[in-house]
Amino acid sequence: MRKLIVGSFVSLDGVIEAPMNWASPFFIGDALEHSYAKAGEAEYFLLGRVTYELFSNRWPQIQGKYMDRMNGLKKLVASRTLKEVGWNASLIEGDVAEGIAEIKAQGGGDILKYGVTQLDQTLLASKLVDEYQLSILPTRVVHGKRAFQGVDPSLVRLELTDTRRFESGIVTLTYRVLK
């Protein structure tokens, strides 16, 4: 059975929104290599509509070892409004939770999702998220959406299973979701 792993950059003040504006100086060296290795364990990259539209417009033009791996992953897009997708993606039609549950039940590599988004409410309520990898970056962002903002607090029951420190000051906390 596949695992659904959610990874997210989080500033010291809890902001997760628009990491492309503040995370790059820290996403280097061993942190980048670790992310590259983790992406290699995944078979699918799960995105909601907003993230899909943002990433699919920018990421295919970015080259490099990490981006080549991310661009090559099969994508799953959860959307009620999109009718078609590109960028090596498949649209999850109908009930998102049912679609993800079916894919998780199959054998194969893990499903990777970036960012704690609106989709997490559905995924957590349906007990589909297996793990969170929260990378705390040594920076203060001040404004923006906070981690787990809008997610029912009763759904966020986590157990710390690993801590990893990187040269750039990032600390990644891995939590297993208690179901």
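The buried residues of helix α4 are Val96, Ala97, Gly99, Ile100, Ile103 and Lys104, where buried means under 20% relative accessible area, exposed over 50% and partly exposed in between, with a 1.4 Å probe and protein chains only. Seen down the axis of α4, these buried residues fall within an arc of 160 degrees, so they line one face of the helix; the arc is that of the directions from the helix axis to the C-beta atoms. This is a predicted model, in which local features need pLDDT of at least 70 and side-chain atom pairs count only at pLDDT 80 or more, while totals for chains, interfaces and linings use all residues. Residues are numbered from 1 along each chain as its sequence is written, and side-chain values use heavy atoms, with hydrogens and water left out.

**Helix α4**
- Helices (H or I, at least four residues) and strands (E, at least two) are DSSP runs, numbered from the N terminus.
- On the other side of α4, Glu98, Glu102 and Ala105 are exposed.
- The cover over the buried residues of α4 includes β1, β2 (42-48), β3 (74-78), β4 (89-92), β5 and α5, with contact meaning heavy atoms within 4.5 Å.
- At the start of α4, a side-chain oxygen of Asp95 comes to within 3.0 Å of the backbone nitrogen of Ala97.

**Largest pocket**
- The largest pocket has a volume of about 1,600 Å³.
- Of its 50 lining residues, Thr51, Phe55, Tyr114, Gly115 and Thr117 are the closest to the centre.
- Elements giving two or more residues to the lining are β1 (4-11), α1 (29-40), α2 (49-58), α3 (65-72), α4 (96-105), β5 (110-114), α5 (119-125) and β6 (131-137).
- On a 1 Å grid over the protein atoms alone, a pocket is an open set of points where a 1.4 Å probe fits, with protein on both sides within 12 Å along at least five of seven lines; lining residues have an atom within 4 Å of a point.
- A volume is the space filled by probe spheres set on the points, which are joined across faces, edges and corners.

**Glu131**
- Glu131 lies in strand β6 and is buried, with a relative accessible area of 12%.
- The side chains of Glu131 and Lys3 are joined by a polar contact of 3.3 Å, a polar contact being a pair of N or O atoms within 3.5 Å; within protein, one must be able to donate a hydrogen and the other to accept it, and residues adjacent in sequence count only if both atoms are side-chain atoms.

**Positive phi in loops**
- Asn88, in the loop between β3 and β4, has a phi near 60 degrees and is partly exposed at 43% relative accessibility.
- Phe148, in the loop between β6 and β7 (158-165), has a phi of about 65 degrees and is buried at 16%.
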